Amino acid sequence: MKKIKFMALASLCFILGLQSCQNDEATIIEEEEAVAKKEVSAKVLQKLADAQINTKDVKYVDFMLPDGTFKEMIELEGDVHMSEEDILNLEPVSASDRNYRTNNLVSQGKTITIIGYTGGSNALSTKEQTALQWAVNNYNALSGVSISFQLTFGTDYQSKDMVVYHNPSQSGAGGSAGFPSNGNPYKFVQIYGLDNYDTNVVEHVVTHEIGHSVGFRHTDWFNRASCGQNQNEGAGSIGAIDLGGNNPEDSVMLACFSSGEDGEFGADDISALQIMY
């Protein structure tokens with residue numbers, strides 16, 4: 001069964017169709033190449049290492065925002081993004097401090113305002129909007145969980161706690177997000193390359209990335225076995241606190257997904273959310 005990484009390692013590229021835009025196109029390409037060539041400093045890598053976070057394949061990327069503008073971010077673990085400032089503020093931890101759950105969580109009892117973006121080239125397709133609705137319904141249907149989601153669709157994302165949008169410039173298939181901070185979920189949830197997958201698979205990807213945004217690590221963070229790898233993402237000061245469970249193969253939070261996903265929580269995902277919230 002084909003496995004798909006949530007964040008494909010690929011450079012961003014843009015194709016502008018109007019001849020009058022050729023100069024702008026050249027400028028964009030030069031800017032992208034500059035970001036792609038920018039090396040992560042030894043200071044940043046040391047900060048990650050001191051925080052017990054895997055430094056393999058750490059790189060700068062142009063992270064697309066819903067309005068089509070870009071923000072320079074550093075990519076970790078394939079589908080997690082942090083600013084350089086966030087990394088430089090990480091506290092060092094020893095290897096013996098490794099656990100099995102994210103330290104940062106959303107404030108208990110919080111109603112998370114989430115918007116599915118519907119503007120321009122970053123708009124969610126009809127299928128992606130349906131998948132987002134299904135994913136939010138699944139989160140809201142859980143008993144014994146104090147957080148909930150209030151979903152709308154539109155373009156006014158600035159005031160929302162979280163925005164889910166399509167990135168047409170990212171190759172591969174999957175999504176990306178980040179981790180909570182200051183009691184709030186990570187705001188920007190991207191999905192991409194899912195046109196040829198059914199709605200259940202898209203639901204799975206959206207559920208997975210929302211999971212990161214509210215504090216989930218990858219279920220197989222310590223070896224990424226679902227991707228056919230043996231690579232430890234590192235626990236670090238981000239945390240990887242054990243939430244228990246006996247059926248990790250059913251988790252929506254495995255690092256890679258297959259084309260046969262049903263989009264539903266596994267039993268361990270549900271119990272983990274009940275423990276977290």
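Among contacts in the protein between residues at least 6 apart in sequence, 74% join residues at least 24 apart, where a contact means heavy atoms within 4.5 Å. The model is predicted: local features need pLDDT of at least 70, side-chain atom pairs count only at pLDDT 80 or more, and totals for chains, interfaces and linings use all residues. Residues are numbered from 1 along each chain as its sequence is written, and side-chain values use heavy atoms, with hydrogens and water left out.

**Whole chain**

Start with the cartoon view. It shows 6 helices and 10 strands; helices (H or I, at least four residues) and strands (E, at least two) are DSSP runs numbered from the N terminus. Switch to the surface. The accessible surface is about 12400 Å², with 46% belonging to carbon and sulfur atoms; accessible areas come from the Shrake-Rupley method with a 1.4 Å probe, and for residues only the protein chains shown count as cover. Of the 277 residues, 52% count as buried. Buried means under 20% relative accessible area, exposed over 50%, and partly exposed in between (1.4 Å probe, protein chains only).

**Salt bridges**

The structure holds 4 salt bridges, each a side-chain nitrogen of Lys or Arg within 4 Å of a carboxyl oxygen of Asp or Glu.

Select Glu 72 and Lys 38, whose side chains meet in a salt bridge at 3.1 Å, N to O. Glu 72 is in strand β3 (residues 70-76) and Lys 38 in the loop between α1 (22-37) and α2 (42-50), so the pair ties together parts 34 residues apart in sequence. Glu 72 is partly exposed at 37% relative accessibility, and Lys 38 is partly exposed with a relative accessible area of 37%.

Next select Lys 110 and Asp 161, a salt bridge of 3.8 Å, N to O. This pair links distant parts of the chain, 51 residues apart: Lys 110 is in the loop between α3 (84-88) and β5 (111-117), and Asp 161 in the loop between β6 (148-154) and β7. Asp 161 is buried, at 19% relative accessible area.

Then select Glu 233 and Arg 224, joined at 2.6 Å, N to O. Glu 233 is buried with a relative accessible area of 1%, and Arg 224 is buried at 6%.

**Positive phi**

Most residues other than glycine have a negative phi. Stay on Arg 224, in the loop between α5 and β10; its phi is near 50°, a positive value. Now go to Asn 182, in the loop between β8 (174-176) and β9 (188-192). Asn 182 has a positive phi of about 55°. Asn 182 is exposed, with a relative accessible area of 79%.

**Asn 167**

Select Asn 167, in the loop between β7 (162-166) and β8. Asn 167 is buried at 2% relative accessibility. Not counting residues up to four places away in sequence, Asn 167 touches Met 64, Asn 122, Gln 190, Ile 191 and Tyr 192. A distance label between the C-alpha atoms of Asn 167 and Val 189, 22 residues apart along the chain, reads 9.7 Å.

**Negative patch**

Finish on the surface with Glu 249, Asp 250, Asp 262 and Glu 264, which gather in a patch of negative charge. Patches are made of residues with over 30% relative accessible area and no salt bridge, like charges being joined within 9 Å. Lys and Arg count as positive and Asp and Glu as negative, while His and the chain ends are not counted; a charge is placed at NZ of Lys, CZ of Arg, CG of Asp or CD of Glu. Asp 250 lies in the loop between α5 (199-213) and β10 (256-258) and is partly exposed at 45% relative accessibility.

Notes
Patches are made of residues with over 30% relative accessible area and no salt bridge: like charges are joined within 9 Å, nonpolar side chains (Val, Leu, Ile, Met, Phe, Trp, Tyr) within 5 Å.
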